[in-house]
Amino acid sequence: MLVARDVMSPKVLRVRDDMSVAQLATFLTDHEISGAPVDDAGGKLVGVVSVADVASAASELAGTHSPRPGGFFSHDWEAHPAVEDLRRMAAGSKDLLVRDIMTRGVYSVPDDTPVADVAEIMLDSHIHRLLVTQGARTVGIISSSDLLGLLVGR
């Protein structure tokens with residue numbers, strides 16, 4: 001039986017809550033990821049932020065606010081328009097910081113959680129990533145892409 005530690009990425013890329021949204025957009029596109037955990041200045045985990053959060057903030061600033069797109073997921077990172085779209089959205093949010101747009105709730109599972117349970121949590125919670133823990137320590141992250149990779153044998 002596969003468990004969370006079998007499919008997680010042990011490299012957890014994090015951002016700081018005092019980072020600008022423009023810096024966040026660059027970070028996400030440079031690392032070809034759609035979201036990341038957020039730490040405060042002391043290194044404490046305080047939330048998560050995603051491309052959907054950037055899009056939501058940009059639409060609010062443009063006066064075209066609609067409910068956060070729960071089904072939103074980044075375009076294929078090979079297609080550069082998604083990168084440019086994200087940077088354009090972030091440019092309009094230049095005064096916002098990550099702490100202004102992040103989601104404060106953080107989902108996590110112990111590293112021995114069965115993958116089927118991980119997938120169920122992600123589906124039920126409408127999230128695209130969750131942290132993997134061993135005791136109180138974060139040891140990895142699982143994204144929707146990691147789970148899809150199982151279907152194609154990656």
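Guide: This is a predicted model. In it, strand β5 (residues 129-134) supplies the largest share of the lining of the largest cavity, namely three residues.

Visitor: Which residues line the largest cavity?

Guide: The lining consists of Val48, Val106, Tyr107, Arg129, Leu130, Leu131 and Ile141.

Visitor: And what is the make-up of that lining by class?

Guide: Six of the lining residues are nonpolar, one is charged and none is polar.

Visitor: How much space lies in the largest cavity?

Guide: About 40 Å³. The structure holds one cavity of 30 Å³ or more.

Visitor: Now the sheet, please. What is the order of the three strands?

Guide: The order is β1-β2-β3, in an open sheet with mixed pairing. Strands β1 (15-16) and β3 stand at the edges with a single partner strand each, so one side of each has no neighbour in the sheet.

Visitor: Which strands pair in the antiparallel sense?

Guide: Strand β2 (residues 35-39) and strand β3 (residues 45-50) do, over five bridges. Within this pairing, Val38 has Gly47 in β3 as its bridge partner.

Visitor: How many bridges join β1 to β2?

Guide: Two bridges join them, and these two strands run parallel. Opposite Arg16 stands Asp39 in β2. In general, strands of a sheet pair through backbone hydrogen bonds, in either the parallel or the antiparallel sense.

Visitor: Back to the hairpin of β2 and β3: which residue there takes a positive phi?

Guide: Gly43 does, with a phi near 85°; the hairpin has five residues between the strands.

Visitor: Changing topic to helix α6, which of its residues are buried?

Guide: In α6 (residues 115-125), the buried residues are Val115, Val118 and Met122. They lie on the same side of α6 because they cover an arc of only 55° around the axis.

Visitor: What do the buried residues of α6 pack against?

Guide: They pack against α1 (4-7), β4 (108-110), β5, β6 (137-143) and α7 (144-151).

Visitor: Which exposed residues does the face turned away from the buried side carry?

Guide: That face of α6 carries Ala116, Leu123 and Asp124 as exposed residues.

Visitor: Finally, which residue just after α6 takes a positive phi?

Guide: His126, at about 55°.

Conventions
Residues are numbered from 1 along each chain as its sequence is written. This is a predicted model: local features need pLDDT of at least 70, side-chain atom pairs count only at pLDDT 80 or more; totals for chains, interfaces and linings use all residues. Side-chain values use heavy atoms; hydrogens and water are left out. Two strands pair if DSSP finds at least two bridges between them. Helices (H or I, at least four residues) and strands (E, at least two) are DSSP runs, numbered from the N terminus. On a 1 Å grid over the protein atoms alone, a cavity is a set of points where a 1.4 Å probe fits but cannot get out, and a pocket is an open set with protein on both sides within 12 Å along at least five of seven lines; lining residues have an atom within 4 Å of a point. Grid points are joined across faces, edges and corners, and a volume is the space filled by probe spheres set on the points. Ala, Val, Leu, Ile, Met, Phe, Trp, Tyr, Cys and Pro count as nonpolar, Asp, Glu, Lys and Arg as charged, and the others, Gly among them, as polar. Buried means under 20% relative accessible area, exposed over 50%, partly exposed in between (1.4 Å probe, protein chains only). The arc is that of the directions from the helix axis to the C-beta atoms. Contact means heavy atoms within 4.5 Å.
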